[in-house]
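This briefing covers a single protein chain, shown below. The points are grouped by topic.

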Amino acid sequence: MSHEETPVPEIRVHPIKNGTVIDHITAGQALNVLNILNIPNAASGVISIIINAPSVHGIKDVVKIEGRELNVDEVDKISLISPKATINIIRNFEVSEKTHVHIPEIVDGVVKCINPNCISNSNEPVSSKFTVSTDGQRIILRCLYCERIISEDIGNHLL
């Protein structure tokens, strides 16, 4: 058997009985997803992370969380860093729900404005608010107070 014919060993990720699988995460964003979900602090089950996995659409990350379903706020945050992600709810080892993330039109208290002089960064009781749009390639956030735009490294600005 030549080197070219050597079979590649298959890596298996243990199935979960109940929980969530976040699939089609933008490559390189899995650790930001864990940060959004406050993992490991907010998880008691097994967490599986696959980074840079080959896919029919290119390269993706996948996160599997045993014993936990995501809330709407968490899914909205994930959509900002991975707009093509899918959320699969697993119940009794089967996919019971599969949804694509929805990019919200406005996010409130989710992202810190990059303008240090913005009122949302002052001692005033004002939470950050951004309109959300896309240029087809990336998410664009515009601060409702100072109009500063964030379009790169959004994961680094999540609250």
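The chain of this predicted model is divided into domain 1, residues 19–100, and domain 2, residues 106–156. Six residues from domain 1 and eight residues from domain 2 make up the contact. The C-alpha centres of domain 1 and domain 2 are 24 Å apart.

**Interface between the domains**

- About 540 Å² of area is buried between domain 1 and domain 2, and carbon and sulfur atoms give 78% of that area.
- Helix α2, residues 72–81, gives the most to the side of domain 1 that touches domain 2, contributing four residues.
- Sorted by class, the side of domain 1 that touches domain 2 holds three nonpolar residues, two polar residues and one charged residue.
- The interface of domain 1 and domain 2 has zero salt bridges across it.

**Overall fold**

- The chain contains two helices and nine strands.
- Along the sequence, these elements follow the pattern β-α-β-β-α-β-β-β-β-β-β.
- Taken along the principal axes, the C-alpha atoms of the chain fill a box of roughly 65 × 35 × 25 Å.

**Salt bridges**

- The count of salt bridges comes to five.
- Lys-60 forms a salt bridge with Asp-23, and the closest N and O atoms of the pair are 2.9 Å apart.
- This pair links distant parts of the chain, with Lys-60 in strand β3 (residues 58–66) and Asp-23 in strand β1 (residues 19–26).
- Lys-60 and Asp-23 are 37 residues apart.

- An unreviewed UniProt entry carries the annotation "domain: Aspartate carbamoyltransferase regulatory subunit C-terminal" for residues 107–153.
- In the model, residues 107–153 are 0% helix and 32% strand.
- The end C-alpha atoms of residues 107–153 lie 16 Å apart.

**Annotated binding site**

- According to the unreviewed UniProt entry, the feature "binding site" is placed at Cys-113, Cys-118, Cys-143 and Cys-146.
- These four positions span 34 residues in sequence, but no two of their C-alpha atoms are more than 8.8 Å apart, so they gather at one spot.
- Cys-113 is located in the loop between β6 (106–108) and β7 (129–134).

Definitions and conventions. Residues numbered from 1 in each chain as written. Predicted model: local features only at pLDDT ≥ 70, side-chain atom pairs only at ≥ 80, totals over all residues. Heavy atoms only, no water. UniProt positions renumbered as here; feature names shortened; annotations may be inferred. Domains from an automatic or database assignment. Contact = heavy atoms within 4.5 Å. Buried area = accessible area lost by both parts, 1.4 Å probe. Salt bridge = Lys/Arg side-chain N within 4 Å of Asp/Glu carboxyl O. Nonpolar A, V, L, I, M, F, W, Y, C, P; charged D, E, K, R; others polar.
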